[in-house]
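The sequence and structure are shown first.

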Amino acid sequence: MAGTGVFAELVDGDGVFKYYSYGEWKKSSSGKSVPIINPTTRQPHFKVQACTQEEVDKLMEEAKTAQKSWAKTPLWKRAELLHKAAALLKEHKVPIADCLVKEIAKPAKDAATEAVRSGDLVSYCAEEGVRILGEGKFLVSDSFPGNERTKYCLTSKIPLGVILAIPPFNYPVNLAVSKIAPALIAGNSIVLKPPTQGAVAALHMVHCFHLAGFPEGLISCVTGKGSEIGDFLTMHPIVNCISFTGGDTGISISKKVGMIPLQMELGGKDACIILEDADLDLAASNIVKGGFSYRQHKSLYVVSSCGQRCTAVKVVLVMESVANALVEKVKAKVAKLTVGPPEDDCDITPVVTESSANFIEGLVMDAKQKGATFCQEYKREGNLIWPLLLDNVRPDMRIAWEEPFGPVLPVIRITSAEEGIHHCNASNFGLQGCVFTRDINKAILISDAMETGTVQINSAPARGPDHFPFQGLKDSGIGSQGITNSINMMTKIKTTVINLPTPSYTMG
């Protein structure tokens, strides 16, 4: 279980989990800790160190120094260590899963799946990095008008330096390694600031990298209050790149950091457009899977999250002529969802914090006041909210536009595909969307018209497989993720030009 066995050194004598710096697990000089609340019991379950700005300064300097040596490490050696870390993540999936259950109320089986998925991501990243970073370009000058072949140009990819990685609470392990592995294979060092809810799972993950034998100072993991070290981390002069997944905080960061590359995914209001010719059984299954439990075949590495995903279905836009039939099919499937504690592997588990539950309730009450049809009775106990489908939602209701990040799903009835596209594009978010139709021509036309980073045809939105490009438009983010895209984003092009005294040509 958490903090035992090979992970025992992560905990100090007072039961507080340590932070990771220069290859060691350390107590903060602040003498303070940050409690982590179990969403199910709403009681403190873990504590982590409240690190100081001075400690952040020190580990940043260590990361800068370690990166210089790591950049000289052969690609095959970097990949070898990543493969070791991947194996350790899978080997220790049970204690990592235990943390996820206690910190974010992720169902037990799905929590273990996150650890396995993360190991697979690290291994794939190692292989992909060796392939794409082992290649460069050779250009000749006479390919541009007015030039003879008097210059040879060699280009390669070099690391950016120190990468600051900030993952979200809902995937504190998987979305951490999706930043860590590309950074490391590309020759960068990494400073990880995990979310408070999910920090202990992230610390266990970091220990797997420690056990794999990465050089001291190359990987750091700092915990603490965002109000004390958040801006200090993101605006630190040593940081050369920030990879952030979260919400509005990302927009604030982007306005402050200046001239460094940013990779950000900041949420979505993913629209699901259902046309008249759609397979309604398929659509209903995907709406429930995408909006509530999101249980798919385990080989696809997705987990139940009771709507706490940026790529969850957030609004259903269904043609009026098939709306009644679709709503009945969705209601029947919602009725079969299990609700309860994560230890029981229920489909719907508590949302992460009481403030999250209060926010969701505010959206529900606004919809009720304005006349939405409740397909189930609204029910809440503490942080646990029963799944709720809201029919006849109108654009003047908050739930039509705001991201609930919980098991509440609005249905808006539309009279044309154009109306659905308009609602999708009127949102300030643009992460993903989906369209259900048997007509591939309509599907492509609608996909092209939707202002989102990805459109799924006849399937719910999803991040993955992890090597697929993943990006958002508008307030949903900056840049693109996915293993290859992340490696490319965490490198820059270095050019060397060889000047020849006379033109030179390779003769056939």
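A disulfide is counted here as a pair of cysteine sulfur atoms within 2.5 Å. The model is predicted: local features need pLDDT of at least 70, side-chain atom pairs count only at pLDDT 80 or more, and totals for chains, interfaces and linings use all residues. Residues are numbered from 1 along each chain as its sequence is written, and side-chain values use heavy atoms, leaving out hydrogens and water.

**Cysteines**

By the sulfur distance rule, the count is 0 disulfides. For Cys125, the closest cysteine sulfur belongs to Cys241 and is 14 Å away, too far for a bond. Burial is judged by relative accessible area: buried means under 20%, exposed over 50%, and partly exposed in between (1.4 Å probe, protein chains only).

| Residue | Relative accessible area | Class |
|---|---|---|
| Cys125 | 0% | buried |
| Cys153 | 16% | buried |

**Sheets**

Helices (H or I, at least four residues) and strands (E, at least two) are DSSP runs, numbered from the N terminus. Two strands pair if DSSP finds at least two bridges between them.

Another open sheet has 7 strands, ordered S14-S17-S18-S13-S12-S20-S21, and its pairing is mixed. Its edges are S14 (373–374) and S21 (454–457), each with a single partner strand. S14 pairs with S17 (residues 388–391) in the antiparallel sense over 2 bridges, and Thr373 stands opposite Asp391 in S17.

**Nonpolar cores**

A nonpolar core is a set of buried Ala, Val, Leu, Ile, Met, Phe, Trp, Tyr and Cys residues joined through side-chain atoms within 4.5 Å. The largest has 74 residues, and those touching the most other members are Leu82, Leu184, Leu192, Met205, Phe209, Phe214 and Ile219. Helix H6 (residues 199–212) supplies the largest share of this core, 10 residues. Contact means heavy atoms within 4.5 Å. Setting aside neighbours within four places in sequence, the contacts of Phe209 include Leu82, Val122, Leu184 and Ile219. A second, separate core has 60 residues, among them Val316, Leu317, Val327 and Val435.
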